[in-house]
Amino acid sequence: MPVALPQTMSLEERDRFYRNWLANGLLNERDRADLQRRGVTDPSIIALSCDVGYAVPFKGLDGKYVGAQWRYAHPGEGGRYRWHNLPGGKQFPGTHEMPLAVYKVDQPTMLVVSQK
């Protein structure tokens, strides 16, 4: 018997959600400093803060936002990095998988696929 797929937001709905989220959110100085310490420059910072840490939305192959991950300042149980849960679930639409982040570079030299 096939396993039912979650009824997640469409790619268009996800992109609209994250664009609105970013337009209405702020990044505090603590979280900006953490991103800068990691080598992220101010013009490229796309993130927002809340009381537990900050979230970084990311785009898929077509340039639309597909998901986000939280970096908890004080993670406790559950780990420092966690997927942002959208209405209907955090999985990529039509699958049980988490979305992939895609980053364009000017002169690619390798492809790295990381799996935990």
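The legends below describe several close-up views of a predicted model.

In this predicted model, local features need a pLDDT of at least 70, side-chain atom pairs count only at pLDDT 80 or more, and totals for chains, interfaces and linings use all residues. Residues are numbered from 1 along each chain as its sequence is written, and side-chain values use heavy atoms, with hydrogens and water left out.

**View 1. An open sheet is built from 4 strands.** Helices (H or I, at least four residues) and strands (E, at least two) are DSSP runs, numbered from the N terminus, and two strands pair if DSSP finds at least two bridges between them. The strands follow the order S1-S2-S3-S4, with antiparallel pairing. Strand S1 (48-50) and strand S4 (81-83) are the edge strands, since each pairs on one side only. From one strand to the next the twist averages 30°, where axes are lines fitted to C-alpha atoms, for helices over the stretch in contact, and angles run from 0 to 180 degrees between N-to-C directions. Strands of a sheet pair through backbone hydrogen bonds, either parallel or antiparallel.

**View 2. Strand S3 pairs with S2 and with S4.** With S2, the antiparallel pairing runs over 7 bridges, and in S3 the bridge partner of Phe-58 is Gly-67. S2 and S3 form a hairpin with 5 residues between them, and Gly-63 in the turn has a positive phi of about 85°. With S4, strand S3 (residues 65-72) pairs in the antiparallel sense over 3 bridges; here Trp-70 stands opposite Arg-82 in S4, while Gln-69 stands opposite Trp-83 in S4. S3 is mostly covered, as 7 of its 8 residues are buried (buried means under 20% relative accessible area, exposed over 50%, and partly exposed in between, with a 1.4 Å probe and protein chains only).

**View 3. Helices H1 and H2 pack on the sheet.** Helix H1 (residues 11-24) touches S1, strand S2 (53-59) and S3, and its direction makes about 45° with that of S3. Helix H2 (residues 29-37) touches S1, S2 and S3, and its direction makes about 55° with that of S2. Contact means heavy atoms within 4.5 Å.

**View 4. Phe-17, Tyr-18, Trp-21 and Trp-70 form one aromatic cluster.** Rings of Phe, Tyr and Trp (its six-membered ring) pair if their centres lie within 6.5 Å; planes under 30 degrees apart count as stacked, over 60 as edge-to-face and the rest as tilted. By this rule the count comes to 5 aromatic pairs. One of them is the tilted pair of Phe-17 and Trp-21, at 5.9 Å centre to centre and with 35° between the planes; these residues are 4 apart in helix H1, so about one helical turn separates them. The rings of Tyr-18 and Trp-21 have centres 5.5 Å apart and planes at 55°, so this pair is tilted. Both Tyr-18 and Trp-21 are buried, whereas Phe-17 is partly exposed, with a relative accessible area of 27%.

**View 5. Ser-49 lies in strand S1.** Ser-49 is buried, with a relative accessible area of 16%. Not counting residues up to four places away in sequence, Ser-49 touches Leu-26, Leu-27, Asn-28, Asp-31 and Tyr-54. A polar atom of the Ser-49 side chain lies 2.9 Å from the backbone nitrogen of Asn-28.

Key
A polar contact is a pair of N or O atoms within 3.5 Å; within protein, one must be able to donate a hydrogen and the other to accept it, and residues adjacent in sequence count only if both atoms are side-chain atoms.
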